[in-house]
Amino acid sequence: MAYSVKSDKKLLLRALQGEILPQPPIWLMRQAGRYLPEYMKTRAQANGFLDLCYAPDLAVEVTLQPIRRYGFDASILFSDILVVPHALGQKVWFEEGVGPKLEPLKSADDIDRLALEHFHDHLAPVYETVGRLREELPAETALIGFAGAPWTVASYMLEGGSSKDFAAAKTWAYAKPELFARVIDLLVEATASYLIRQAEAGAEVLQIFDSWAGVWPEEDLRRWCLEPCKKIIAKVNAAHPDIPIILFPRGVGLAYRNFAVESGAKGLGLDTTVPLKWARDELQSKVTVQGNLDPIMLVAGGDVLDRGVAQILENLSNGPFVFNLGHGIVPQTPPKHVERLMRLVRG
Ligand code: CP3
């Protein structure tokens, strides 16, 4: 039985099954992107960022670029969390030098206009990208599909873009919870079926990004982040019991423990602020942990980087663990520092 020969399997899959490996698998959030000159070149061929996400030739190319350069253990589909509201019919665009913009939802009517009808047609190029990647990736590289969590995606849908305090989105949740729940419920359904399609197209692992989970009081965190993510994970695993899911509820502090115990995720993405010994003692017996180097240490490089990496390895590599950053790579990261990181982790 080939399946029982553990060493046949890709390192990321082994780590997410709870195996403790002599060397942890490594990949980095936002590993494809503006810090790479080859990305900037390919991006210039597309008609803006969203077009890049919907052009399989170009999306495959930018997904593979960091694999060719560094040989990460996993590759993450090149796309964006905001293709989901776009596929539901909301206006989404990226402004050069500013970031994402959306025509914000203002009323119940705006929610009614969102529809699942053309959802998968709209996302067909993404599924094609996943399928092509699965064919083109090296045999040892795992393919990760992803989506944003309902709250993180809803925050952009209600704010109309990035936000400092999420006042508009949180006011909806506090003042009109039934209406806010309709947005979240629609996103649970859309996101689960989006992830299922990615799995069917060839994704081997799925990551859910709840990048803005860390802004809620306890009860609301449970209602708007933990519960919706748990529902998505249950739906995806009902369709595909074997596909491991990594949940990244950034910034939730002590509540990481609830996400480890209750979400159903096999992997938990730790942000940079999570104390390593606490993660080792409180989380690692329950899930595989992933993280959590400060992305700015990767910008600084030198001794700071060496020490940061050593501390993470010392504390987390004796349990099930995937090396990553605590948030995405930033554009000013020197590519040489990523090479150094690879040497530090791989020895
Ligand atoms: O390499 C990878 O990790 C895969 C691709 C990926 C992108 N975005 C590409 C991207 C992934 C997994 C994402 C997720 C994403 N997108 C998140 C969750 C993770 C996180 O960072 O918290 C969020 C919140 C978004 C929304 C988003 N997309 C913002 C706020 C921005 C603007 C800020 C920025 O970094 O430019 C984007 C744009 C974006 N997404 C870029 C890339 C490579 C830069 C676009 C460009 O080329 O100008």
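Close-up 1. Phe321 is buried, with a relative accessible area of 3%, where buried stands for under 20% relative accessible area, exposed for over 50% and partly exposed for what falls in between (1.4 Å probe, protein chains only). Phe323 is buried as well, at a relative accessible area of 0%. The model is predicted, and local features therefore need pLDDT of at least 70 and side-chain atom pairs count only at pLDDT 80 or more, while totals for chains, interfaces and linings use all residues. Residues are numbered from 1 along each chain as its sequence is written, and side-chain values use heavy atoms, with hydrogens and water left out.

**Close-up 2. Aromatic pairs, with Phe49 and Phe78 as one of them.** The structure holds 16 aromatic pairs, a pair being two rings of Phe, Tyr or Trp (its six-membered ring) whose centres lie within 6.5 Å, with planes under 30 degrees apart counted as stacked, over 60 as edge-to-face and the rest as tilted. The ring centres of Phe49 and Phe78 are 5.8 Å apart and the planes stand at 75 degrees, so this pair is edge-to-face. Because Phe49 belongs to helix H3 (residues 49-54) and Phe78 to the loop between strand S1 (74-76) and helix H5 (83-87), the pair ties together parts that are 29 residues apart in sequence; helices (H or I, at least four residues) and strands (E, at least two) are DSSP runs, numbered from the N terminus. Phe49 and Phe78 are both buried. Phe321 and Phe323 also form an edge-to-face aromatic pair, at 6.1 Å centre to centre and with 75 degrees between the planes.

**Close-up 3. An aromatic cluster, and lysines over ring faces.** One aromatic cluster is formed by Trp151, Phe166, Tyr174, Phe180, Trp212, Trp216 and Trp224. Over the face of Trp216 lies Lys170, at 5.6 Å from the ring centre, the criterion being NZ of Lys or CZ of Arg within 6 Å of the ring centre and within 35 degrees of the ring normal. Lys176 lies over the face of Trp172, at 4.5 Å from the ring centre.

**Close-up 4. Salt bridges between side chains.** The structure holds 18 salt bridges, each defined as a side-chain nitrogen of Lys or Arg within 4 Å of a carboxyl oxygen of Asp or Glu. Among them is the bridge between Asp112 and Arg182 (2.4 Å, N to O), which links distant parts of the chain, with Asp112 in helix H6 (residues 108-113) and Arg182 in helix H10 (residues 177-201), 70 residues apart. Arg182 counts as partly exposed, at 35% relative accessibility. Glu204 and Arg134 meet in another salt bridge (3.4 Å, N to O); since Glu204 lies in the loop between H10 and strand S5 (205-210) and Arg134 in helix H7 (residues 119-136), this pair ties together parts that are 70 residues apart in sequence. Glu204 is buried, with a relative accessible area of 11%, whereas Arg134 is partly exposed, at 37%.

**Close-up 5. The surroundings of the ligand.** The ligand is surrounded by 22 residues, of which the closest are Arg30, Tyr39, Arg43, Ser211 and His327; a residue is near a molecule if one of its heavy atoms lies within 4 Å of it. A polar backbone atom of Arg30 is 2.7 Å from an oxygen atom of the ligand, and a polar side-chain atom of Ser211 lies 2.6 Å from a ligand oxygen atom. The ligand taken alone exposes 880 Å², of which the protein buries 89%, with accessible areas from the Shrake-Rupley method and a 1.4 Å probe.

Key. A polar contact is a pair of N or O atoms within 3.5 Å; within protein, one must be able to donate a hydrogen and the other to accept it, and residues adjacent in sequence count only if both atoms are side-chain atoms.
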